[in-house]
There are 2 protein chains.
Amino acid sequence: MQGFDYQTPTRLIFGEGVIQKLPEVLGAIGRKVLLAYGGGSIRKMGLYDKVMELLKDFEIVELPGIQPNPKYDPSVLDGVRLCKEHGIEVILAVGGGSVLDCSKAIAAGAKYDGDPWDLISYQVKAKAALPVVDILTLAATGSEYDFYGVISRTETNDKIGYGDPLVYPVCSFLDPTYTFTVSKKQTAAGCADAMNHIMEQYFCEDHTLLNDGFCEAGLKSLMINTKACLENPEDFRARAEMMFACTLGCNGIYSLGNSPSGWPLHGIEHALSAYYDITHGEGLAIITPRWMRYVLSERTVDRFVKYGVNVFGIDPTLDSFEIAEQAIDRTFIFFEEIGIPMRLRDLGIGEERIDEMAHHVAVNEGLENAWVPLSESDIAAILRESL
Amino acid sequence: MQGFDYQTPTRLIFGEGVIQKLPEVLGAIGRKVLLAYGGGSIRKMGLYDKVMELLKDFEIVELPGIQPNPKYDPSVLDGVRLCKEHGIEVILAVGGGSVLDCSKAIAAGAKYDGDPWDLISYQVKAKAALPVVDILTLAATGSEYDFYGVISRTETNDKIGYGDPLVYPVCSFLDPTYTFTVSKKQTAAGCADAMNHIMEQYFCEDHTLLNDGFCEAGLKSLMINTKACLENPEDFRARAEMMFACTLGCNGIYSLGNSPSGWPLHGIEHALSAYYDITHGEGLAIITPRWMRYVLSERTVDRFVKYGVNVFGIDPTLDSFEIAEQAIDRTFIFFEEIGIPMRLRDLGIGEERIDEMAHHVAVNEGLENAWVPLSESDIAAILRESL
């Protein structure tokens, strides 16, 4: 068991109707609010109007139009500018992981005099950040309970995961009913994203009984509840269980005491969605079984056996490699069953830029230190298997 | 799935040698320190000297002699007086749950002008509390990661669990090597205490797949690792895994979204250890299988089936009541195997005060609202079964 230094100060307010507490929570922080959101979905579901009504005594500046795979230019830059111009005291992110990730970058950038990219690219350590509060509308990334964000810079094909405890959300409002209108495609992609967060922590060298149980419970809960959400999008219990399993995804609680894995699936996928702007969760789902098969070996097989037996209930008396192969097949089949296109070609990605992406990942993601070290040619091979 | 409002701000620093960070952590808070501890064990293991050496630039006031089932008089009262007299800025609790619980009560009392019992008995809500930092030497109560404490008042046989988010520890130092010298008796009692914390959250009406998996993982980890600790008290991994499973015990993470159970085992046991000053974990272990059998019914059997199948691996194809009975037997046998005396008579408790204790519990613990409601006669029956 490894040592750790852990703290998650974020307050989680979970349940139907919790948004009523928004004025009280925001009011304790400040009255000048940057309202950050994405496309029209929060208007369609009535959440925009609800927030405006609750915050009628606050001064609101809006930053709409934050895209999936949120962009440094214009979203982060616009947000930072608005915060500085209007003396914003708190950022209210209403949306999914992209809106939240973008808001975190804005929060740090707003308290920094230079180019915010200095912070995102770790050239400069932030000294302060605006407080961020969020209302979650998509169960997926766990950004609502961690201090990470992923920002894309189109002109350089960079998609950078940055992190700073300063940008932990102060408070996350988690109302499962706000995810009732999430499309089947995004529900499935959110599940795949959250499952991958857990897998990135589970597949490692040093792990504990407790963490293995936590991870296996998270994976099973996500698989069962996602299918229930797809069958009945307004199944409160399923949406609630799915949301909470996602929320715990990246704050460490699934793996405190585990050795680091290097997060190879995310490392590879970041190149895919940076080069092709695809849905992150779909990219992850496609790569996952190919990565699993690629790294399966005498050294790693026991890990896949535990995964297969405890997550999929595969017969533990079978041969180890047989269990592992079945577990990998079952992983593929599950993603297929929830409707994820399971080949890169299905997303319009071909052979053309495989080597370029593999090179980009090899240079930027440090996967030579992953649980199973991956070289540039390994990464290219996994990407080709995923075509 | 139930709503919740959750926040655990405590920083956990876990691993061998982490105490080196103590001056940095304390120094950021204050230099006038109340050093609270119990008997001689921290001296014997060299921890007292180590702390004094690390804090040579701090002003230390000592509060030694805090007893198990920590007493309002003298420990809490003495601590509050010392804090006020010396202008203490931070309390450093070095010990197990009793030292921590006592330190939390002192922390609140030190910032209150009246009788600290007003706060402990919830007659007055605390407005502030001194910060508490701790170095844990016993894996058991989870007090290092929650905002609860249990204080005993001898003259009235009161043993009150109080809680206030103000008394969350600021930082807990968790070094498993400090538990190497814990006796077999206390190791087993700590395991029983932590298992009961999990059971009090698991046995309830409304629960989720995720939480059930978390709880089952916690119970299995505790059972396996405690046996390993008893076999080899210096098994770092086992001590580490046991410590961390205990640490998560009462801060909610095992059961966010579950309906409340009413904590009947603790309700009943608090009377036992208040009237007889026994070891809390032993009292809990004795009551547990008797309570289980008493509340087993058509309504509750499915819960015991899940417990039996997932925690003990009992054959799921058996009859439900057969699985439940086996699970209860296995619970009893496990506690016996780790050396806990499993009858109240073994601890010198007879028939004499059963009715008095049952009355005390019925009046003070609200168990008529427990998962399975318990009346005074139910409580007396469970206590009699435990003799």
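Predicted model: local features only at pLDDT ≥ 70, side-chain atom pairs only at ≥ 80, totals over all residues.
Okay, let's start with two helices: helix 8 and helix 12 of chain A make a right-handed crossing. Helices here are DSSP runs of H or I with at least four residues, strands are runs of E with at least two, and both are numbered from the N terminus.

Residues are numbered from 1 along each chain as its sequence is written, and chains are lettered from A and ligands numbered from 1 in the order in which they are written.

Back to our pair. The axes of helix 8 (residues 209–231) and helix 12 (residues 301–312) of chain A come within 9 Å, crossing at roughly 55°. Axes are lines fitted to C-alpha atoms, for helices over the stretch in contact, and angles run from 0 to 180 degrees between N-to-C directions. The two helices of chain A are therefore oblique to each other; under 35 degrees would be roughly parallel, over 145 roughly antiparallel, 65 to 115 roughly perpendicular, and oblique is the rest.

Who meets whom? From helix 8 of chain A come A:Asp212, A:Glu216, A:Leu219 and A:Lys220, and from helix 12 of chain A come A:Lys306, A:Asn310 and A:Val311. Contact means C-beta atoms, placed from the backbone, within 7 Å.

Now the two chains. Their contact takes 32 residues from chain A and 32 residues from chain B. Which element of chain A gives the most to the side that touches chain B? That's helix 8, with ten residues.

Strand 1 of chain A also runs antiparallel to strand 1 (residues 4–14) of chain B, and seven bridges join them. For instance, A:Phe4 has B:Phe14 as its bridge partner. Strands count as paired if DSSP finds at least two bridges between them.

Zoom out, and twelve strands form an open sheet with mixed pairing, in the order 3(A)-2(A)-4(A)-5(A)-8(A)-1(A)-1(B)-8(B)-5(B)-4(B)-2(B)-3(B). Strand 3 (59–63) of chain A and strand 3 (59–63) of chain B stand at the edges with a single partner strand each, so one side of each has no neighbour in the sheet. From one strand to the next, the twist averages 25°.

Last stop, chain B: strand 2 (residues 32–37) and strand 3 run parallel, joined by five bridges. There, B:Leu35 has B:Glu62 as its bridge partner.

Terms used:
Left-handed = near helix turned anticlockwise from the far one by under 90°. Contact = placed C-beta atoms within 7 Å.
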